[in-house]
Amino acid sequence: MKSSVESEATPAIRAENLSKTFNDTIAVDKVSFDVYPGEIFGLVGPDGAGKTTTLRLLSSILDPSSGKGAVAGFDVGSASTKVKEQLAYMSQRFGLYLDLSVMENISFYADLYGVTGSERKERIEELLDFSNMRPFKKRRAGKLSGGMKQKLQLICALIHTPKVLLLDEPTNGVDPVSRRDFWKILYRLLREGVSILVTTAYLDEAERCDRVGLINHGRIIAAGTPAELKELMDDHILSLKSSRVRLIQHYLREVMPDMRVNVFGDSLHLNCTDPKETEQHVAMLLNRRGLTYSRFQEIPPSLEDVFVGLLGDDRKGTLQESESQPAVQLTIGKEQPPATAVDVSHLTRRFGNFTAVNDVSFQVPAGQIFGFLGPNGAGKSTTIRMLCGLLSPSDGGGRVAGFDISRQTEKIKQHIGYMSQKFSLYEDLTVEENIDFYGGIYGLSGSRLQEKKEWALHMSALAHHRKSLTAILSVGWKQRLALACAILHEPPIIFLDEPTSGVDPVSRRRFWDLIYTMADRGITVFVTTHYMEEAEYCDRLCLIYRGEIIAMGSPEELKDHQQEDILDLRCYAPQNQVDKLLELPEIRDVSLFGAGLHIVTTDTVAATAAITETLADQDIRIDSLQPIAPSMEDVFISLIEEVDRNREVGKKEEGDP
Amino acid sequence: MKLRRLWAISRKEGLHIIRDWRSLVLALVIPLILVLLYGYALTLDLRDVPTMVWDQSRSAESRELLSLFQGSPYFSLIDFPDNYRDLQTGLDRGRAMVALIIPADFSSRVKNGKPVQIQVITDGSDANTSRLATTYVTAISGIYGHGVSLEKVRRNGREPIKPVVDLVIRVWYNSDLRSQNVLIPGIIALVMIVVAAMLTSVTVAREWETGTMEQLISTPLHRSELIFGKVIPYFVIGMTDVLIAVVIGKTIFHVPIVGNSGLLFGFSALFLSGALFFGMTLSIVMKSQVLASQTSIMAGFLPTLILSGFVFAIENMPLPLQFLTYIVPARYFITILRGIYLKGIGIEILWIEGLMLGIYTLIMVFLAHRKLKFKLE
């Protein structure tokens with residue numbers, strides 16, 4: 001059984017006209033694709049497109065309505081036992097027992113898969129090593145950070161050395177550093193010949209897949225290598241960078257309504273058929289308005305361009321409907337909000353002998369979008385809970401909306417909106433009933449409640465679904481509804497804790513449109529996110545790590561602060577080069593970035609030479625190697641690694657005086 | 001069924017129980033409390049009935065009668081008012097349950113051998129006690145009357161006439177007629193059904209609610225491994241509870257075990273299994289922890305309390321209800337327990353009840369398997 005002697009031509013995963021119908025809705029509609037050994041296939045699409053259902057059908061935990069699926073040659077319908085022995089499935093919901101330790105969870109799954117004896121011991125050791133989870137063997141799973149939980153779940157799934165791995169949004173809500181670790185594990189598995197089928201909301205992850213299927217309304221509307229998908233775009237993409245991309249977008253949408261203009265981080269992407277002419281035209285328009293920009297150039301489309309291009313249109317209807325109907329004017333309370341919305345100093349919170357937040361001080365001027373970044377478990381949520389008056393600080397203090405966070409918590413609660421990571425909505429209530437409930441909590445009634453309800457329904461574009469049960473809404477819609485409910489009482493400040501986690505790219509854009517609408521009306525938005533391109537949308541960022549602030553400033557300032565240079569390398573199978581390149585003395589760090597590598601160095605010239613040589617030795621052609629402006633993700637990772645390096649040094653010095 | 005996977009599930013389930021120490025304490029303390037509560041509170045014996053006496057006679061004869069009451073464990077003379085009003089107030093307020101009124105001519109009529117009337121008033125709002133008390137009063141006055149006539153016959157120098165029928169009453173199995181001896185076995189059944197069904201009713205539902213079930217069903221795990229694996233640790237807890245109940249019964253309530261205690265634990269294991277699989281089936285069907293545990297308490301506790309013959313005699317129930325009792329497993333278990341505890345009988349008589357419990361358990365195991373779908377819907 002162990003020695004797999006299948007020919008290259010036998011697919012490890014096969015879907016043939018796979019369909020699933022729930023009552024009268026078609027969740028998966030005649031989906032067909034093959035995934036070969038050692039290949040990773042990405043399934044990308046909006047929420048509710050049928051990604052999860054497809055994975056469930058293939059893992060034989062859901063019976064297909066029609067069509068066939070096969071895993072490692074076994075039919076998922078008739079040979080479900082065989083299928084289950086060959087595959088590992090990681091559902092979106094936790095498969096871990098939080099009251100069991102890391103090792104107990106692993107042992108449990110090892111027993112379930114019948115992994116015994118020396119094989120078991122070796123496998124566990126190996127998995128602990130390459131996931132860097134060894135130090136946490138005895139820790140309860142519930143006490144792990146989000147990123148570590150996902151890694152543990154992957155270890156549990158890999159314990160029996162499966163041939164096929166089905167991953168349902170495995171990096172959802174996981175910070176960039178942990179995501180990178182996670183992908184390193186995946187690449188290793190691919191080299192060992194495992195086939196992986198993954199769904200993801202991160203399109204940079206999709207770029208790394210060998211092939212990608214774009215799924216919408218249960219149908220695969222396009223499939224192929226990322227390069228092939230990009231060729232589907234007839235349009236050319238023009239990109240320009242500016243610190244005022246939102247403003248430019250607004251203006252261009254006004255004067256050139258036929259052109260698609262989208263914000264990508266700190267850039268604006270324009271879809272056009274004639275790049276030369278458009279470039280001149282737009283440049284002229286912007287110069288005349290005095291809007292500054294840089295790096296105006298044609299770029300190859302990214303998968304996100306394709307995604308937004310192919311799926312964005314589909315939703316245009318609803319998008320414009322809500323935009324064209326002017327929302328009821330949001331008025332901020334009679335009292336003028338203080339100029340500084342949040343002002344905290346030396347904020348500290350300890351749990352037992354663990355310091356979750358350590359001596360944190362910052363100010364947020366009113367009307368700003370303030371981004372709060374950091375890895376899982378860095379102390380973001382704890383800080384937000386203190387600011388919202390839900391948790392009292394151990395030390396230090398401050399004011400939110402002019403009220404003291406230790407003493408005037410009731411006042412604070414009346415003057416802020418808070419949207420937590422977890423869904424705060426009642427799934428068994430309808431959209432309207434949820435709004436009524438939250439309106440009631442905030443003391444709204446009668447015509448005032450009616451007015452606010454209509455406003456909330458328009459804002460979240462859920463007017464047509466007012467009678468629908470909340471449970472049936474997709475994640476993106478739920479989040480918009482949750483936001484609407486959180487601001488029914490028109491607070492001057494709103495706290496959003498990972499509001500877009502697990503939301504598809506198009507819905508995420510819509511959500512950020514809402515955030516901008518609120519900021520335009522003078523509401524202060526305090527937001528945490530793991531999507532680094534979203535960090536670029538913030539006016540100011542604060543990076544927190546191990547409970548301490550390690551950087552603060554506007555996205556531009558943080559990027560300028562980056563002293564090292566970044567080289568972008570595109571070549572065949574870049575993931576195989578990471579370890580080799582890390583050995584080069586000229587190179588400080590190497591990380592996967594989209595379909596390529598980002599190489600951190602202090603000496604671009606020397607590093608370029610060294611990389612060229614290393615790849616030439618292996619006869620690998622370099623598709624491109626060029627210095628680039630660092631992205632937010634580069635900045636994030638390098639800042640965190642700097643802290644880690646300093647800690648290491650500090651520890652060593654302590655160790656041997 | 002692979003032993004290793006069965007063991008993996010059991011071990012994991014055991015860890016859940018140990019980690020959540022509150023539920024463990026609950027599982028061990030609830031039976032303790034239930035046994036003590038029912039053992040003390042639920043007694044059907046008539047003892048120390050508060051009695052008021054208006055003795056209008058105040059004679060040696062009346063005192064002799066009253067001394068019989070005083071000497072009986074069933075009555076306790078609490079007050080001796082000398083008017084009717086006080087008597088009534090005592091009964092109204094519930095201070096007394098029985099009132100005796102001895103007429104002024106009691107002494108002379110007894111002496112002259114004339115029939116005499118004693119008025120006995122009992123509190124009928126507690127029908128059961130009232131009925132029992134009346135019987136005892138009748139018995140005591142009978143004894144008194146018998147003593148008086150014997151005395152008269154002797155004084156006249158004649159041989160007393162021997163009664164034609166001389167009753168020789170012997171109560172088997174529970175010679176003191178202690179109701180606790182009868183109730184404690186029933187309490188064991190009650191405790192077991194409540195604790196067992198409550199414990200297992202959350203286990204499968206919890207996996208669905210936290211989402212771990214989706215992961216479990218994607219592994220080679222079989223239904224029977226999950227069902228039996230989950231039951232094992234709760235079985236251990238359940239048997240501990242039986243031990244606790246038996247020990248308390250023996251030490252605190254002094255209920256002797258006449259029969260074979262090995263057999264007692266054997267049958268308990270069978271009944272416990274049925275109850276555990278019953279809770280498990282509820283958990284599988286309901287898929288919600290709250291719903292399943294509430295249902296298990298309702299569906300386990302009430303029939304056991306009412307329809308098992310624990311307190312209320314099945315023979316006195318209307319016929320349709322009597323039929324219903326046949327599907328209450330505690331009915332058979334209580335028969336078994338009383339058989340072993342009091343009668344000391346063995347498997348040669350109790351095998352029918354044992355068979356019924358076995359069938360019940362098998363049905364529950366079958367239902368649990370039938371209802372547990374290793375597929376999403």
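Modeller: Let us begin with Cys542(A), which lies in strand E23 (residues 540–545) of chain A; helices (H or I, at least four residues) and strands (E, at least two) are DSSP runs numbered from the N terminus. This is a predicted model, in which local features need pLDDT of at least 70, side-chain atom pairs count only at pLDDT 80 or more, and totals for chains, interfaces and linings use all residues. Residues are numbered from 1 along each chain as its sequence is written, while chains are lettered from A and ligands numbered from 1 in the order in which they are written.

Colleague: Does Cys542(A) count as buried or exposed?

Modeller: A residue is buried if 20 or more other C-beta atoms, placed from the backbone, lie within 10 Å of its own, exposed if 12 or fewer, and partly exposed in between. Cys542(A) has 23 C-beta neighbours inside 10 Å and is therefore buried. Of the 657 residues of chain A, 47% are buried.

Colleague: Which residues does Cys542(A) touch, not counting those up to four places away in sequence?

Modeller: Contact requires C-beta atoms, placed from the backbone, within 7 Å. On that basis Cys542(A) touches Phe362(A), Phe370(A), Phe372(A), Ile549(A) and Met552(A).

Colleague: How does one read the packing of H11(B) and H14(B)?

Modeller: Axes are lines fitted to C-alpha atoms, for helices over the stretch in contact, and angles run from 0 to 180 degrees between N-to-C directions. Angles under 35 degrees count as roughly parallel, over 145 as roughly antiparallel, 65 to 115 as roughly perpendicular and the rest as oblique. Helix H11 (residues 261–286) and helix H14 (residues 329–343) of chain B pack at about 170°, their axes 10 Å apart, and are therefore roughly antiparallel. Among the residues that meet are Phe267(B) and Phe271(B) in H11(B), with Phe333(B) and Ile336(B) in H14(B).

Colleague: And what does each chain give to the contact between chains A and B?

Modeller: Chain A contributes 22 residues and chain B 22 residues. On the side of chain A that touches chain B, H3(A) gives the most, with 4 residues.

Colleague: How confident is the predictor in chain B?

Modeller: The predictor's confidence in each residue is pLDDT, from 0 to 100. Where pLDDT is low, the predicted coordinates should not be read in detail. Chain B averages 88, and 100% of its residues score at least 70. The model scores ipTM 0.77 and pTM 0.81.

Note on methods. Contact = placed C-beta atoms within 7 Å.
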